[in-house]
Amino acid sequence: MSHLPVAPFDHHSDLANEDPVAYYAGFRESCPVGRTTAHGGFVYTTTYADVVRTARDDATFSSSRDADPAGDGTVIVIPRGAGLEQYPIELDPPRSTLYRDLIEPLLSPAAVARLRPMIARHTARVMDAFIEAGSADLVGDLTNPLPAAVTLDWLGFPEDDWPRLAGPIHDIFAARAGSERAARGAAGLAFMDQRIRELIRSRRETPCDDAVSTLAGARRPDGNPFGDDELVSVIGLLVAGGVDTTTSLTGSTLVHLARHPHDRARLREHPDLLTSATEEFLRAFAPSQSMARTATTDTSIGGCPVKHGDRVLIPWVAANYDPAVFEAPDEIRLDRDARRHLSFGIGTHRCVGAHLARAMFTEMIGQVLTRLGDYTIDEAGLQEYPTKGNQVGWDAIPARFTPGRPFTVTPDTLTVGAVEEIARDILSVEFTAPDGCALPPWEPGAHLEIVLPSGQLRQYSLCGDPADLSRYRIAVLREDEGRGGSLELHHIATPGLVVGFRPPRNHFPLSEAPSYLFLAGGIGITPLLPMIHHAASTGRTFRVVYGGRRRAGMAFVAELEDLGGLTVVPYEESGYPDFARHVQGLPEGTAVYACGSPSMLTAVETACAAHGLALYTERFTAPDVDTLGDPATNPPFEVILSRTGTRLPVPPDQRLIEVVRQARPNLAYDCEKGYCGACETRVLSGIPEHRDSLLTPAEREAGATMMICISRCAEGPLVLDL
């Protein structure tokens with residue numbers, strides 16, 4: 001195949017700006033790798049495989065300015081742009097590792113979980129400012145100020161700085177090169193540099209509970225502090241990365257949902273679907289369209305020669321739309337497993353703020369769907385970024401909606417009554433009406449939407465008695481790395497607390513049937529419990545199979561035992577339930593209701609399909625793939641964390657990363673499926689059993705690194721560079 005482009009390739013051209021996806025698709029079909037003279041000349045790629053190979057090979061394709069000394073400015077984009085050197089993204093390993101180790105604990109899943117109440121509070125505050133007006137610019141009024149407030153509050157910037165930094169950063173991404181607006185953005189960067197230095201000095205003198213204080217007080221491995229210039233570079237990257245990329249993603253999603261009301265309706269009716277939909281939106285609307293590397297030696301990509309010093313374009317957008325990886329990539333499928341997308345990059349420079357970006361995005365979309373559910377956009381007033389070669393997004397999204405009340409004026413409230421820990425890490429919380437009146441009616445399977453004091457909106461299955469409208473009951477599992485709602489309730493749920501609420505809705509109703517089989521996994525028992533009571537009170541035949549990791553963490557067991565027909569399966573005692581066996585020989589017409597983990601529901605679906613049974617499911621999380629494998633065939637092994645000498649046993653029913661997190665709670669990871677590379681870890685001794693889909697055959701054979709989220713040990717003990 002020829003590698004000469006069929007037309008001059010320029011990802012900043014008018015044709016590319018008109019439709020970047022189609023532009024890359026045309027080159028992928030006719031000339032997937034080629035050389036162009038645009039912007040001083042570079043090699044472009046268009047396939048997922050070539051983008052991944054280039055982005056992961058730091059030794060051959062450098063991110064450092066040192067590799068391209070002839071140019072000026074930011075080296076990770078084409079053409080090079082103005083800006084301070086950005087640590088660690090413009091460094092190669094091992095230099096970059098020092099700075100990633102510095103910031104990763106601040107942005108781990110556990111750390112971001114602690115930020116979720118703050119994110120919800122800011123989202124509610126920002127929306128309160130315009131919700132009564134019935135109209136807004138969803139960029140200027142929501143998607144720009146909210147990420148700025150969250151990022152700058154987390155870092156420790158005073159509130160007066162937030163608008164002075166949010167606007168210029170947006171200008172940098174949204175302005176044409178050389179324009180007056182671009183000049184304003186550059187001036188804003190100068191102000192940001194000044195304020196970061198002032199904040200570092202202030203926090204060194206008087207530390208506070210914020211990220212800049214942590215960074216300013218951090219030490220190198222030799223015990224010396226980091227220099228001001230280093231911290232300015234690191235903090236500047238955190239500000240720029242945290243502010244406008246989420247602005248772009250959220251704006252593009254809001255436009256899509258306005259244009260596709262069916263998708264909007266699905267997300268409103270099934271809030272749990274937002275988990276998988278977020279990854280699909282990231283795939284389809286990658287804020288960062290492309291980045292660049294510099295070749296450090298003569299090599300080739302896809303058969304195209306690449307010379308030492310050549311600049312190489314790695315377009316995330318082209319990879320995200322490669323039909324070899326994503327079926328029908330032009331379609332937005334809310335339930336697609338899109339986590340292979342490269343919108344956060346891949347390899348050592350994968351975006352360290354991915355978890356924070358998701359948290360901000362899901363909170364904004366969640367509150368828009370519940371508070372501005374009927375919004376429409378003025379198509380004529382939409383304004384896109386003028387060039388989409390590096391960044392894509394919206395500059396203005398004028399919208400109208402039914403005016404609403406601020407969260408500070410909550411017409412419907414509940415008062416917390418009895419609170420009890422009914423199993424390990426599970427709270428039973430009862431709510432009553434403040435005036436003692438009857439509550440809105442509900443039926444088994446219904447959800448109650450709670451507005452927490454932080455502003456977070458969370459849905460919980462009602463698990464009390466539908467006939468008793470004097471109170472609602474929910475059960476809440478504490479999830480330290482969840483979306484933050486469970487943690488907040490576990491911390492604040494005390495009798496007398498007032499929360500907002502929306503009347504119950506039911507997307508998991510109980511159908512009439514002569515007999516039932518109820519299958520529950522863990523906290524999945526909550527929506528099933530009222531169904532089981534109904535079956536018992538109406539004299540229907542029923543059985544209940546209730547599984548959980550350990551008996552002490554299984555709620556309502558005593559209540560269920562009183563109803564009869566119960567089989568309790570604690571995994572650590574009895575192993576995993578054989579669902580195929582439990583669905584055999586059921587009476588004709590039996591309805592099967594199941595709620596639990598994705599892997600459990602997949603097993604139930606397979607078993608019921610084989611027997612032609614009617615199955616009804618409730619998913620608390622998006623469909624998933626199994627990462628543990630069959631515990632019966634997983635041998636136990638031992639892992640040693642070399643930097644501390646910690647030795648940890650890894651049992652058959654736990655993943656390696658789950659065990660390592662016990663000693664390293666701020667560990668960096670993301671997809672947990674073995675294809676994003678965020679958890680790639682050096683192996684100092686032992687032989688890994690690779691289960692990922694990212695490492696090449698040569699890398700697997702070498703065994704120098706492994707994906708600890710999914711892989712195990714073939715010969716141990718495993719000694720990891722942690």
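What is the relative accessible area of R259?

Analyst: R259 has a relative accessible area of 42%, which makes it partly exposed (buried is under 20%, exposed is over 50%, partly exposed is in between, with a 1.4 Å probe and protein chains only). Before going on: this is a predicted model, where local features need pLDDT of at least 70 and side-chain atom pairs count only at pLDDT 80 or more, while totals for chains, interfaces and linings use all residues. Residues are numbered from 1 along each chain as its sequence is written, and side-chain values use heavy atoms, leaving out hydrogens and water.

Now, the partner. R259 pairs up with E379 in a salt bridge, with the closest N and O atoms 2.9 Å apart (a side-chain nitrogen of Lys or Arg within 4 Å of a carboxyl oxygen of Asp or Glu). That pair links distant parts of the chain, 120 residues apart: R259 sits in helix α11 (residues 228-259), and E379 in the loop between β9 (376-377) and β10 (383-384). Helices (H or I, at least four residues) and strands (E, at least two) are DSSP runs, numbered from the N terminus. E379 is partly exposed too, at 41%.

For context, the salt-bridge count comes to 41. Another one joins D310 and R35, at 2.9 Å from N to O. D310 lies in the loop between β7 (304-306) and β8 (311-315) and R35 in strand β1 (residues 33-36), so this bridge ties together parts 275 residues apart in sequence. Here D310 is buried at 14% relative accessibility, whereas R35 is partly exposed at 34%.
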